[in-house]
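The sequence and structure come first.

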Amino acid sequence: MIFLRAGRLPSNFSERVRRALFAATLAAICCASAAAQSGVDETGTGGNHTIQGRIVFPSGRRADVRLKVRLQSSQSGELSIFTDTNGSFAFRSLGAGTYTVVIEGGDEFESVTESVYIEPEVVTIITGMPTPPVSRPYTLQVYLQPKRHASDPSKAGVVDASLAGMPKPAQDLYAKALDAERKNDSQKAAALLGEAVTQYPQFGLAHNELGMIELKAGQLDKAIDEFKAAQKALPDDPQIEFNYGLALLEKKDYAGADKQLRRAEHGMGQSAQLYYYIGIVKIGEKQIEDAEHEFQQSVKLGGDPAGRAHYYLGGIYWSRRDYKKAADELELYVKASPKASDAEQVRGTIKELRAKK
């Protein structure tokens with residue numbers, strides 16, 4: 001994973017260097033940040049990364065209950081927030097290290113524990129000029145499991161009504177796979193999901209979950225195949241369309257990613273996260289004006305707590321030599337992420353931009 005640092009704008013700023021901004025953007029697509037729209041903790045641990053997630057029912061429907069989410073680490077002790085009404089949460093401004101995310105299930109659902117390791121930054125130089133870092137979002141998708149009720153054996157092992165009609169062995173494999181994922185055993189989870197879809201090829205939820213495992217492992221072709229199968233089984237599921245779009249984006253299939261993310265838009269509605277990723281797609285397609293529009297939409301919806309859309313807008317205006325607007329956007333980025341590792345460097349760049357006429 002490559003992260004890019006910011007540098008001061010040289011006085012002999014040239015067309016070649018301005019183009020390098022977009023080269024850096026394209027190289028960092030897989031690392032682009034997308035933060036939850038609400039349910040956000042801003043305390044952080046002095047870094048530039050985000051752990052975000054969405055809690056959903058096994059059917060793929062967003063959880064419509066507000067649950068407490070705790071973030072534990074040796075760097076910060078413990079932070080906590082509640083999910084928003086769409087089941088989303090985010091912890092931002094995080095530094096490198098190992099974190100434990102605990103979702104408290106309350107009286108109705110099992111609690112879930114996930115571990116996340118944030119890698120230290122690696123510096124790379126583009127055309128001799130340090131360029132701003134792109135914070136990586138570490139994204140979790142957590143499927144709730146109803147608690148087993150010892151007093152009512154008929155409720156034991158019930159997962160979700162949407163699984164009704166599926167073969168019981170496939171359901172059991174799916175439930176075991178989710179349990180393995182909660183224990184960070186992705187290899188076991190993938191094997192169990194593979195068995196589930198072998199027994200029941202139309203098991204869209206299992207294909208989607210297997211696709212996410214392959215995506216996290218960097219197996220893009222396998223992930224795309226799984227999302228394609230999931231979409232065939234569940235053709236109108238916006239979460240599957242969104243995941244499919246992200247996989248195609250990482251593959252740099254910009255046209256395919258655009259198609260899938262636009263499909264997701266019909267089910268997700270006005271989503272700052274979605275518009276942010278579409279903006280990245282448009283940069284990949286070198287449709288800069290369209291990218292500007294998408295980033296502006298993301299900003300309007302207030303779903304960019306790390307200020308990444310402002311950062312990219314700053315880059316777009318910088319490439320047009322509109323130094324005032326570029327500085328304004330970069331200031332909004334620094335304001336949103338004052339603890340970012342590149343914050344002081346970006347402030348220096350802003351001074352250079354302000355001095356230009």
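A272, Y275, Y276, I278, G279, I280, K282 and I283 of α8 touch D290, A291, E294, F295, Q297 and S298 of α9, where contact means heavy atoms within 4.5 Å. By class, the residues of this α8 and α9 contact are eight nonpolar, three polar and three charged. Here Ala, Val, Leu, Ile, Met, Phe, Trp, Tyr, Cys and Pro count as nonpolar, Asp, Glu, Lys and Arg as charged, and the others, Gly among them, as polar.

The model is predicted: local features need pLDDT of at least 70 and side-chain atom pairs count only at pLDDT 80 or more, while totals for chains, interfaces and linings use all residues. Residues are numbered from 1 along each chain as its sequence is written, and side-chain values use heavy atoms, with hydrogens and water left out.

Helices (H or I, at least four residues) and strands (E, at least two) are DSSP runs numbered from the N terminus. The axes of α8 (residues 272-284) and α9 (residues 288-300) come within 8 Å and cross at roughly 165°. α8 is therefore roughly antiparallel to α9, a label for angles over 145 degrees. Axes are lines fitted to C-alpha atoms, for helices over the stretch in contact, with angles from 0 to 180 degrees between N-to-C directions. α8 passes α9 in a left-handed crossing, that is, the near helix is turned anticlockwise from the far one by less than a right angle.

For α2 (residues 168-182) and α3 (residues 186-199), the axes come within 8 Å and cross at roughly 165°. α2 is thus roughly antiparallel to α3, and α2 passes α3 in a left-handed crossing. Among the contact residues are L173 and Y174 of α2 and L192 and L193 of α3. The α2 and α3 contact has ten nonpolar, one polar and four charged residues.

R92 is located in strand β5 (residues 88-94). R92 counts as buried because its relative accessibility is 8%; buried means under 20% relative accessible area, exposed over 50% and partly exposed in between (1.4 Å probe, protein chains only). The side chain of R92 makes a polar contact with the side chain of E42 at 3.2 Å, and it reaches the backbone oxygen of A336 at 2.7 Å. A polar contact is a pair of N or O atoms within 3.5 Å; within protein, one must be able to donate a hydrogen and the other to accept it, and residues adjacent in sequence count only if both atoms are side-chain atoms.

Two non-glycine residues with positive phi are listed below.

Definitions and conventions:
Angles under 35 degrees count as roughly parallel, over 145 as roughly antiparallel, 65 to 115 as roughly perpendicular and the rest as oblique.
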